[in-house]
Amino acid sequence: MENRTPDMNLFIKHNLPDGRFRSVLCKVSILGIDRAEDLCRLHSEVGIGVSQDIFLVSPDEEVLRFLGSEGFTVGVSFKDRLICARTIRTGKEWIKEYLAESGTTPELYGNPAITGFCVVDKEFRGNEIQFLTQYYAENLLVGSFDSILTTVSPNNVFSLQNLLVCGYNIIDIKDNRNSHKRYLLKKNLMENRLASMPGNIQISLRHLDSQLRAIRKGYVGYKLIKRPHGMDLLFSKLSQDQE
Ligand SMILES: CC(C)(COP(=O)(O)OP(=O)(O)OC[C@H]1O[C@@H](n2cnc3c(N)ncnc32)[C@H](O)[C@@H]1OP(=O)(O)O)[C@@H](O)C(=O)NCCC(=O)NCCS
């Protein structure tokens, strides 16, 4: 996809393995094919020791599609070291192919773009760069797509929290190609009519069946809250209001 976004400089915290930390200058940019090796390295390194249920490591051929014309990759680099990558699918055929894996079609969601993976180098976690790169990517999608879809494991609390705060709503629960449960989340990229949430229901993060029943009744999940012994999701029905 054509790069219409300028690079962005920012200082973030680098946590060294020996417990010390420092502030370093990093650059956010859209990665070109010259960063293929870096992208494949970071993607596979982050996957080491992480359960497949949380993060599924893709083959390099698939990772590299995010550097071609079918999508794009927002990268954050510290000097030459790639420390974060957030990938997005924009190619119509790829989006169709991806949604077909879970038995759905793009038309069901309007005209959506779809996220790929987001990975952050362990030494740079805690800077909310998943969140930042999500917004940075949106800047490239506005005007070309009506919405963006993403999936996340119910066990990946760090990622789920970031997505809900970024304005995504949980609209379904599906099995991925490896039969792992995934929330399907959607964020509108168009201005909506005024809406309100006339009340909510609170369901434990562990109770997927109850969550799915709420979704089938028209509720969407919109917020993760901490309880003394676990976490709950808040679900609400959006009601369209008069202007
Ligand atoms: C999910 C992920 C991208 C979030 O990274 P991030 O943007 O740095 O996360 P945040 O800044 O929101 O982190 C918030 C807090 O959670 C901690 N944290 C984040 N991810 C963590 C992880 N996987 N394990 C332990 N702690 C983690 C951070 O250190 C931070 O703690 P602090 O507030 O005490 O500093 C990163 O954890 C990651 O790369 N995970 C593996 C791949 C993955 O699951 N990707 C998402 C699905 S594709």
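Let's start with the loop between β7 (169-175) and β8 (181-188), because Ser179 is found there. This is a predicted model, so keep that in mind throughout.

Ser179 is not a glycine, yet its phi is positive, at about 60°. For background, most residues other than glycine have a negative phi. Is Ser179 buried or exposed? Ser179 counts as exposed, because it has 7 C-beta neighbours inside 10 Å, and the cut-off for exposed is 12 or fewer.

Lys79 sits between β3 (71-78) and β4 (81-89). Its phi is near 55°, again a positive value in a residue other than glycine. Lys79 has 9 other C-beta atoms within 10 Å, so it is exposed too.

Now to a strand. Phe117 belongs to β5, which covers residues 112-120. How exposed is Phe117? There are 19 C-beta neighbours inside 10 Å of Phe117, and therefore it counts as partly exposed. The cut-off for buried is 20 or more.

Which residues does Phe117 contact, if we leave aside its neighbours within four places in sequence? The answer is His43 and Thr87. There is also a distance to mention for Phe117: its C-alpha atom and that of Val57 are separated by 9.1 Å. Those two residues are 60 apart along the chain.

To go back over the residues: Ser179 has a positive phi and is exposed. Lys79 has a positive phi and is exposed. Phe117, in strand β5, is partly exposed. That is what I have for today.

Definitions and conventions. Residues numbered from 1 in each chain as written. Predicted model: local features only at pLDDT ≥ 70, side-chain atom pairs only at ≥ 80, totals over all residues. Helix = DSSP H or I, 4+ residues; strand = E, 2+ residues; numbered from the N terminus. Contact = placed C-beta atoms within 7 Å.
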